[in-house]
Amino acid sequence: MDVIGILGGTFDPVHHGHLRLALEMRAVARLDEVRFVPVGTPAHRAPPVAEKRLRARLLRAAVAGIDGFTVDERELERCGPSYTVDTLDELRHERPDVAWCLIIGMDQFLLFDQWHRWRAILGAAHLCVAQRPGTRTQLPAGLETVLSEARIDDAKTLRALSHGCIFIGQLPVLDISSTRIRALLAADQDPRFLLPDPVLELIKLERLYEYDE
Ligand code: ATP
């Protein structure tokens, strides 16, 4: 079975933290491919600053020429809030031969039981959770139980089963956020080396993030 990672986000803009997360998770979880899925209308946070088509263009510029990294724009076409479970249901329907793996940070896993139809997510995909090495996390009791039942330590299991496993990858996390990059740009400071040069060139060309949101 092919194993494909899904990395959702606002990508407002995409940066090296996202790209390293995808690359490192691909290595430890032995993923064949990582698909970046920009969210159209986020369900649980303020609307993104950049328009959705522009965020997708920035993403395409970031992954151009990187083997095994692709952009999937399906959530941008959808009306109403973007729910991960709908995307995973669609993907599973299109490619039942693939083990889909949703990549999330431990900070998001802590809130996972508040996600829309979170149990259905585990019915459609595996979870690959990125944890900073050396950190320990106190999960809410319900999630602790789910984790104890679903946790796998050998990435090979992701390929053997189609869904329902939770793999925790110990990955370094770069201290980079889109919020900081937007703040630097609004203050007319240089965000170079936090994000790929072609992405920054496009941001300048389109005059994005010039003002505080
Ligand atoms: P913002 O600052 O606007 O909240 P962000 O930088 O957190 O944005 P998102 O697009 O919201 O970026 O993140 C998409 C995914 O990437 C999330 O799962 C998030 O946890 C993860 N992520 C973001 N920044 C990093 C980073 N520096 N290292 C590892 N993972 C990251």
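Ala, Val, Leu, Ile, Met, Phe, Trp, Tyr, Cys and Pro count as nonpolar, Asp, Glu, Lys and Arg as charged, and the others, Gly among them, as polar. With these classes I sorted the shell around the ligand, which has five nonpolar, 10 polar and two charged residues.

I note that this is a predicted model, in which local features need pLDDT of at least 70, side-chain atom pairs count only at pLDDT 80 or more, and totals for chains, interfaces and linings use all residues. Residues are numbered from 1 along each chain as its sequence is written, and side-chain values use heavy atoms, with hydrogens and water left out.

**Entry 1: the ligand**

I looked up which residues are closest to the ligand. The ligand is surrounded by 17 residues (one heavy atom within 4 Å), and His-15, Gln-108, Leu-174, Ser-178 and Thr-179 are the closest. I then turned to the elements (DSSP runs, with helices H or I of at least four residues and strands E of at least two, numbered from the N terminus). At least two shell residues come from each of β1 (2–9), α1 (16–28) and α9 (178–186).

Next I listed polar contacts (pairs of N or O atoms within 3.5 Å). Oxygen atoms of the ligand lie 3.0 Å from a backbone N or O atom of Thr-10 and 2.9 Å from one of Phe-11. For Arg-182, a side-chain N or O atom is 3.2 Å from a ligand oxygen. On its own the ligand has 610 Å² of accessible area (Shrake-Rupley method, 1.4 Å probe), and the protein covers 84% of this area.

**Entry 2: the backbone**

I recorded that most residues other than glycine have a negative phi, and most peptide bonds are trans. Where did I find a cis peptide bond? It joins Asp-12 and Pro-13, with omega about 5°. Pro-13 belongs to the loop between β1 and α1.

Arg-117 is not a glycine, yet its phi is positive, about 50°. I located Arg-117 in the loop between α5 (106–109) and α6 (118–124).

**Entry 3: aromatic rings**

I searched the whole structure and found five aromatic pairs (rings of Phe, Tyr and Trp, the last by its six-membered ring, with centres within 6.5 Å). One aromatic cluster is formed by Phe-109, Phe-112, Trp-115 and Trp-118.

Technical notes. Phe/Tyr/Trp six-rings, centres within 6.5 Å; stacked < 30°, edge-to-face > 60°. Polar contact = N/O pair within 3.5 Å; in protein donor to acceptor, adjacent residues only side chain to side chain.
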